[in-house]
Structures are given as C-alpha cells and as structure tokens.
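Subject: Structure for you to look at

Hello,

Here is the structure I said I would pass on. Please open it next to this email and follow along.

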Amino acid sequence: MGGSTLELEPAQANYLRNVLRLKAGAPVLVFNGRDGEWRATLADRGKRALSLALAEQTRVQTAPLDLHYLFAPLKHARLDYMVQKAVEMGASGLQPVLTRHTQVTRVNLERMRANAIEAAEQCGILTLPEIAAPISLEHMLAERKPKRLLIFCDEDAEVKDPLAALAAVRPAAGSAAPPLAVLIGPEGGFAEDERASLLRAPNVVRLALGPRILRADTAAVAALALVDAVLGDWR
C-alpha cells in the first residue's frame with residue numbers, strides 16, 4: 001500500500017479541510033480496520049476534493065477481542081454515547097436486541113457506524129465493530145452459538161458480587177479469552193419469561209452491577225469494564 005494514493009469521500013475531505021483546517025501537505029494517520037495504521041500526506045484534488053498519499057505503515061493490524069455487545073436500543077444521544085463507549089471498551093460486534101420492554105424499536109445503523117468510526121479515530125483503535133440490524137431476543141437466542149459465553153446483566157442475579165460471578169467462569173491463567181457476549185436489557189428490565197429463556201440457554205452467566213440502579217448506557221460501561229478485566233484482554 002505504501003506509495004499508493006487514495007481518494008477521500010466528500011464528507012472525509014470536508015472534515016479534514018473545514019473542521020480540522022488541514023492544508024495540502026499535512027501529515028495524517030489513517031486506518032481502514034483491516035490493514036493497520038499508515039502515515040499519509042494530504043493532497044489537493046480541486047476545490048473540494050482531497051486525496052491521501054500513503055507513505056509507511058506505523059502500526060500493524062491488531063486482532064480484536066471476540067466480544068459482542070448486545071443491547072436494547074436507546075434514544076439518540078444516549079445511544080451515540082453507548083456505541084462510542086462500547087467501541088472504546090473493545091466490542092467487536094454491536095447488536096441491537098428488541099425485548100418486551102424496549103422503548104425504541106427503530107435504529108439508525110448509519111449513525112451507529114459513524115459513532116463507531118469516531119470513537120475508533122479518537123482512541124487510536126484499529127478495528128471497527130460489525131454492526132447488525134435489530135433482532136428480537138427470541139431470535140437472538142435461537143441463532144446464538146452456545147460456545148459464546150453470554151453474560152446478561154440482571155439485578156436479580158443470585159451472586160451479587162460481579163467479580164465472583166465472572167471469576168467462576170474465568171479460563172485458566174495464560175489461556176486466550178473465550179468468545180464473549182454482553183447483553184444489557186431495557187431500562188424496564190427483562191420480562192419474566194424473557195429472563196427464564198435466558199436462564200435456560202447454555203453457557204450463560206447472570207451479572208449484577210451493584211446496589212444502585214444504573215441507566216442502560218452507564219450499565220454498558222460498567223459491564224464491559226468488568227468483563228474486560230476478568231475474562232477479556234485486560235488480564
């Protein structure tokens with residue numbers, strides 16, 4: 001890729017030229033989620049167009065943590081925040097899940113992608129998550145692969161210490177993190193039959209998040225941090 005030239009999309013060119021105020025010849029670091037990070041130089045291609053001249057690779061592509069984040073959709077600003085934080089915490093897949101008490105059923109997937117890219121850019125993350133269309137909880141459970149450990153947050157979990165609950169399924173020291181999924185339900189909680197369906201599923205852990213009620217976007221950060229620390233790539 002070194003020595004090649006890439007044409008920027010209009011939105012990217014506008015951001016670099018008019019928001020960041022970069023001029024032709026300015027150095028930038030770029031990534032595409034597949035080929036690592038590269039040093040490049042901006043070049044003018046007319047009044048509104050810009051291109052990138054790629055020089056050398058500065059970081060090789062990193063393998064993502066196999067961590068899917070499943071969530072009941074939220075309204076715009078809080079969903080934006082939650083997507084950004086999930087990417088920062090290493091989620092490799094984002095899956096909206098519709099439950100009985102879900103208050104928002106329509107999800108702007110392009111807006112989710114834009115927020116995921118922004119979070120990756122700001123934090124120097126080289127991998128971008130797969131973003132899936134909304135699916136019902138019933139279909140998610142039917143399509144789920146049992147080898148992926150599903151951690152669902154539940155204030156009624158019998159084990160109140162979240163570290164203890166996760167430590168009970170932690171792999172041996174030195175072994176790789178297992179495929180993981182974290183599920184955050186709606187702020188109204190799971191319906192009793194939904195909770196029963198989750199508990200009947202194989203390879204499932206209930207996770208309590210402390211004595212206080214958390215909003216869903218706060219619960220996302222708390223749960224992902226716990227999972228990263230005990231089961232994921234923070235170990």
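A definition comes before the findings: Ala, Val, Leu, Ile, Met, Phe, Trp, Tyr, Cys and Pro count as nonpolar, Asp, Glu, Lys and Arg as charged, and the others, Gly among them, as polar. Please also keep in mind that this is a predicted model.

With those classes, the lining of the second largest pocket divides into 16 nonpolar, 6 polar and 7 charged residues. This pocket holds about 640 Å³ of space. Its lining has 29 residues, and His 68, Gly 93, Leu 94, Gln 95 and Ala 132 are the ones nearest the centre. Two or more lining residues come from each of strand E5 (67–71), strand E6 (93–98), helix H3, strand E7 (130–131) and helix H4 (137–143).

The largest pocket has a volume of about 1,200 Å³. It is lined by 33 residues; Gln 12, Val 30, Phe 31, Ile 117 and Glu 121 lie nearest its centre. By class, the lining of the largest pocket has 20 nonpolar, 5 polar and 8 charged residues. The elements that each supply at least two residues to this lining include strand E1 (5–7), helix H1 (10–19), strand E2 (27–31) and helix H3 (109–123). Which element gives the largest share of the lining of the largest pocket? That is H3, with 6 residues.

Helix H2 (residues 76–88) and helix H7 (residues 216–230) have axes 9 Å apart, at an angle of about 5°. Angles under 35 degrees count as roughly parallel, and H2 and H7 are therefore roughly parallel to each other. On the H2 side, the residues in the contact are Arg 78, Tyr 81, Met 82, Lys 85 and Ala 86; on the H7 side, they are Ala 216, Asp 217, Ala 220, Val 221 and Leu 224. Of the residues in this contact, 7 are nonpolar, none are polar and 3 are charged.

Last, the charged pairs. Side chains of opposite charge can pair when their charged atoms come close. The structure holds 14 salt bridges. One of them joins Arg 59 and Glu 37, with 3.0 Å between the closest N and O atoms. This pair links distant parts of the chain, as Arg 59 is in strand E4 and Glu 37 is in strand E3, 22 residues apart.

Regards

How values were computed: Residues numbered from 1 in each chain as written. Predicted model: local features only at pLDDT ≥ 70, side-chain atom pairs only at ≥ 80, totals over all residues. Heavy atoms only, no water. Axes fitted to C-alpha atoms, helices over the stretch in contact; angles between N-to-C directions. Helix = DSSP H or I, 4+ residues; strand = E, 2+ residues; numbered from the N terminus. Parallel < 35°, antiparallel > 145°, perpendicular 65-115°, else oblique. Contact = heavy atoms within 4.5 Å. 1 Å grid on protein atoms, 1.4 Å probe; cavity = no way out; pocket = protein on both sides within 12 Å on 5 of 7 lines; lining within 4 Å. Points joined across faces, edges and corners; volume = space filled by probe spheres on them. Salt bridge = Lys/Arg side-chain N within 4 Å of Asp/Glu carboxyl O.
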